[in-house]
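Subject: The structure we talked about, and some notes on it

Hi,

Here is the structure I promised to pass on to you. Have a look around first, and then read my notes below.

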Amino acid sequence: MKINPSFSEMIYSIRQKNLPERSYSKKVIYWVEDTRLRNEKGKAIVFILPTKGCSWASSKSGGCSICGYIYDNPIEPDYDAITDSLKTILQEKIEIDLAYSIKLFTSGSFLDKKELPLEIQKAILEEISNYQNVKEVVLESRPEYVTDQVLENIAGSIDITKVEIAIGLESANNMILKNSINKGFFWEDFKKAALRVFEAGGKVKAYLLFKPPFVSEYDSIIDVFKSVEKLAEIGVDTVSINSISIHRGTLLAQLFEKNQYRTPWIWSLVHLCKSIKQNFPKLRVICDIVSGGNDRGAHNCGSCDKPLLEKISHFSLSQDIEILSNLDECSCKKEWEGYLCAEKLTLNEVEKNLSSIKR
Amino acid sequence: MKLFQPLFQHGYARVLTETRTHSPLSPGLFSFNSSLPTSGFSGYFDLSVPTSILELSDSPTKLHLFFSEKNKTRVLFDSLFLSLEPFYPSFLPESISSSEFASYVEHFLSLSNLPQQIFTLPVTFLHSPLLSKILETDCSFIRLIGLPSLFHNQKLLSSTLSFLQTTLPPDIGLYLPGPIPPSFFSFLVYSGIDFFDNSISYFISKNGYFLTHNSIFPIDKHPQCYCPYCVGDSPDLFNHNNLVLQNSLSQIRFSLKEGTLRTLVEQNIHSSVTFAATLRYFDKTFSSEFRIRTPIILNSPVKCVGEESLHRPVIVEYRERVKERFSPKETARLVILLPCSAKKPYSFSRSHMLFKKAIREGSKGFHALLSELIITSPLSVVPRELEGIFPTKFYDIPVSGEWSSEEVELTADLLLEILEKYPEDTKIINHTHGKGYDDIVKIIEDKKDFEVFSTSNTSSPTSNSSLIQLKEAIKQALTSFDSLPKSKDSPLLNQLRATADYQFGLGIGKVLFPQNTKVRGKYPQNRQIFVSGELVATLLTSNGFLSLQPISAQKIADLTQNIIEFGAEKITGSTIFAPGCIRANEEIHPNDEVIVKYHDKVLATAIALVSGKDMNKMTSGQVAIVKKKVKVKK
């Protein structure tokens with residue numbers, strides 16, 4: 001399987017235009033939030049490490065059609081500053097009587113040696129291993145960096161059974177990876193990496209993207225469903241459904257501005273969480289909604305957005321399916337049903353049609 | 001065999017029926033929900049969102065069509081499939097590459113059961129040579145993508161719709177998916193779209209729509225509605241909207257059947273500037289293709305209310321036919337120009353009775369020398385002989401006495417063409433009054449050296465003084481023709497001949513109706529026409545046209561264009577099917593009386609269901625209904 005050259009070229013040209021204008025900070029950003037650990041609720045400390053960013057996004061292939069995180073990464077990283085501030089934050093924030101998950105995000109691949117040299121990876125992980133109440137460590141990476149060498153390095157720094165490698169698979173459908181996302185890898189690459197992690201004793205979390213460009217919402221629901229099925233089959237026990245949000249400087253943002261893309265409905269996410277959990281009760285189903293309730297993120301009509309978003313995040317924490325049952329019906333649920341069908345039947349031209357009606 | 005059969009065609013609009021049972025399906029509405037009632041919908045898409053992996057399958061999306069219980073068991077198919085998501089996941093309609101389209105076409109052609117498969121056509125690929133490959137198959141249904149993005153571009157919209165309708169055979173169903181306001185329906189049906197869906201009904205949340213037949217309101221601010229869904233404490237906006245869509249289509253189906261769709265379109269067109277402009281483009285640029293698909297043998301009212309009426313296909317067709325096919329009686333030497341009347345046929349109006357009396361008194365025995373032309377808009381000129389046919393007997397206009405410059409120009413043009421048909425020494429009496437008429441006459445006088453004598457320039461044509469002037473002027477004019485032999489005039493024979501010419505071609509009238517033609521029956525009964533004691537035709541009062549007996553068909557079979565060539569020596573049954581129709585003359589309009597021939601032999605007369613052009617494109621289904629067969633001697 002190869003990438004789609006004309007698609008990748010298009011994305012690259014958008015990248016070229018926007019990269020020079022990036023504004024970034026060299027500070028480690030972090031926050032503490034409630035999270036779902038494998039068997040209990042807990043706290044997560046999420047770190048955004050200012051590395052030089054995703055190798056794929058900065059490559060000649062242009063990166064993913066939907067992702068603009070690269071614009072937040074500095075060109076030259078300061079590794080000492082990264083490790084130092086991480087150390088301080090951990091000391092300050094970790095409370096003895098709580099269970100923690102430490103999430104290390106770089107907006108790229110933590111396991112990429114060129115992004116974070118092996119010794120820095122090691123230093124960070126060893127620091128974390130000092131805290132016994134850290135139950136999980138989540139490291140994000142593209143599958144190509146999940147090598148035996150890197151896994152050995154991890155195993156040498158921390159109890160690898162605590163480590164969860166989070167891979168942004170987005171979809172298990174290679175056509176979507178190729179023609180809507182320009183992901184640069186395919187299902188088979190993911191599967192190989194996941195099995196390698198399992199063999200080393202680690203865990204794998206897969207991110208699935210809800211509603212990539214050019215895929216109707218209806219089809220994306222089905223695609224997520226099918227992807228989950230494939231993931232469960234190979235033993236992935238955590239799935240995070242990431243609802244799309246519009247990043248500036250991306251191909252998706254261009255479509256959005258031309259009325260050729262509507263960000264997902266919250267109803268779809270409710271439906272997905274509920275039915276996936278029903279069908280795969282043992283699977284940890286996380287649904288992360290960035291800029292929910294806004295036009296640029298998952299939203300409904302505006303009246304019911306907030307309570308529904310809360311229910312979804314409660315569900316993600318508790319994994320209790322009851323939370324998503326018996327929801328208050330809003331008139332826009334009907335609209336959602338129609339939208340799903342109309343969007344599918346018009347090949348995503350609904351937004352355009354609607355704007356022409358309003359004239 | 002195709003799934004659909006057009007049983008009626010009116011321009012690009014048509015009624016599509018299921019091929020075997022003839023259950024009408026279009027113009028129709030699809031729903032997205034199997035639980036909605038079937039009435040008011042033509043079918044539904046099975047697009048429920050899966051809730052379990054068990055429901056996930058790679059089986060295609062189905063479109064179920066609704067048929068009555070009685071027909072259900074007899075239909076060819078009751079569902080269609082959307083087997084391929086053509087460009088999934090891929091670019092938007094406007095950026096689908098030609099290689100993607102090519103590979104979609106290739107995949108589509110490899111599907112089994114093509115008549116049941118829904119083909120997806122992005123308007124950007126309308127001109128792709130690959131489309132012909134699809135049209136060679138029995139593909140019966142097309143989902144049209146990207147049309148709404150042309151709703152702001154009248155030129156492109158009219159050329160796209162026209163190209164589509166002249167390229168596709170009329171038995172392919174065209175479905176325009178997505179939210180379309182009901183006020184657009186009549187125009188879109190008129191331009192050839194057969195199916196819509198109720199997606200716009202779903203937009204009922206705070207940013208949604210409240211629909212009425214001709215308008216669309218924001219949901220928080222709309223007029224009170226008293227439909228059963230709106231009265232009560234909790235209005236059901238979704239079903240209200242559905243009801244509006246269903247009723248809008250019902251009205252369109254009705255006017256299509258009645259032959260008044262164009263009037264409805266002219267009423268609705270003003271809800272969209274682009275559509276109004278597109279209609280004008282249709283009328284001006286694509287008129288002939290449209291006209292050839294428009295029936296001209298009708299008996300429905302032609303209400304000409306707007307500016308668009310001047311270029312209506314039936315009106316333009318009338319003017320063209322008069323220009324090409326009308327020939328004045330040979331004895332005519334004196335043309336009298338008369339104003340029109342509100343009552344039709346004109347002869348039955350008070351004003352024309354007065355004119356007739358004056359003319360009769362003025363012409364005393366020389367009536368054969370007189371020829372009456374009625375000046376009117378939007379038909380321009382109606383020779384007295386043609387006052388009883390469609391559309392002359394059926395049109396209606398708001399009369400203000402004002403003529404637009406376009407009306408003046410069109411009328412003068414046709415009048416000139418007609419006057420050219422008379423002998424050079426013909427005299428003209430103008431018995432009209434008013435500026436518009438004067439302008440027309442002035443053009444006539446300027447362009448040609450016609451000498452026009454006006455008899456009503458000082459007062460109204462029905463005034464005593466004008467009528468006396470008319471009488472005197474006729475007397476005066478006739479004196480110069482003193483040398484001419486007196487000949488008997490037969491207005492009814494003239495009418496028959498002119499009608500036959502209009503219907504079947506110039507010169508046919510004389511062949512069918514010689515001097516010894518006899519007519520039995522009195523208006524308003526149908527009149528039977530005999531030649532040498534044999535019934536040759538019937539003049540139908542309903543539409544003013546002729547219905548031929550086989551003997552007449554044989555007489556004119558080599559002269560008229562209304563010919564279908566049949567593939568066998570004998571017609572069994574009462575229907576001509578597309579495979580039996582070897583070649584149809586491309587001048588045939590739907591509803592025309594046609595002659596069915598096998599080589600040189602006339603087999604029958606028949607009524608065309610679709611235009612000759614479309615008969616030639618169709619590969620299955622009925623193309624004409626047999627009226628009378630030629631009896632074969634044993």
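In this predicted model, a polar atom of the side chain of H240(B) lies 2.9 Å from the backbone oxygen of L211(B). H240(B) sits in helix α6 (residues 237-258) of chain B; helices (H or I, at least four residues) and strands (E, at least two) are DSSP runs, numbered from the N terminus. With a relative accessible area of 2%, H240(B) is buried. Here buried means under 20% relative accessible area, exposed over 50%, and partly exposed in between, using a 1.4 Å probe and protein chains only. Leaving aside neighbours within four places in sequence, H240(B) is in contact with F210(B), L211(B), C225(B), C227(B), Y229(B) and C230(B), where contact means heavy atoms within 4.5 Å.

Before you go further, some housekeeping. Residues are numbered from 1 along each chain as its sequence is written, and chains are lettered from A and ligands numbered from 1 in the order in which they are written. Because the model is predicted, local features need pLDDT of at least 70 and side-chain atom pairs count only at pLDDT 80 or more, while totals for chains, interfaces and linings use all residues; side-chain values use heavy atoms, with hydrogens and water left out.

Next, a helix in chain A. The buried ones are N174(A), I176(A), L177(A), N179(A), S180(A) and I181(A). They pack against α1 (5-18), β5 (163-170), α6 (187-200), β6 (203-210) and α7 of chain A. Just after α5(A), N182(A) has a positive phi of about 60 degrees.

Now the nonpolar cores. In soluble globular proteins, nonpolar side chains tend to be buried together. A nonpolar core is a set of buried Ala, Val, Leu, Ile, Met, Phe, Trp, Tyr and Cys residues joined through side-chain atoms within 4.5 Å. The largest one has 186 residues, and L104(A), I154(A), F190(A), F119(B) and L147(B) touch the most other members. Helix α7 (residues 217-234) of chain A gives the most to this core, with eight residues. Setting aside neighbours within four places in sequence, the contacts of L147(B) include V123(B), L157(B) and I193(B). There is also a second, separate core of 60 residues, which includes I359(B), L373(B), I444(B) and L478(B).

Then come the salt bridges, each a side-chain nitrogen of Lys or Arg within 4 Å of a carboxyl oxygen of Asp or Glu. How many does the structure hold over all chains? There are 46.

- E317(B) and R291(B) meet at 3.0 Å, N to O. E317(B) lies in helix α10 (residues 313-325) and R291(B) in helix α9 (residues 287-292) of chain B, so the pair ties together parts that are 26 residues apart in sequence. Both are buried.
- K442(B) and D446(B) have their closest N and O atoms 3.2 Å apart. K442(B) is partly exposed at 48% relative accessibility, whereas D446(B) is exposed at 55%.
- E337(A) and K334(A) pair at 3.9 Å, N to O. Both lie in helix α11 (residues 332-345) of chain A, three residues apart, about one turn of the helix.

Finally, the place where the chains meet. The contact takes 47 residues from chain B and 51 residues from chain A. Across this interface the rule finds zero salt bridges, but it finds eight residue pairs in polar contact, both residues at pLDDT 80 or more.

Enjoy exploring!

Note on methods. Polar contact = N/O pair within 3.5 Å; in protein donor to acceptor, adjacent residues only side chain to side chain.
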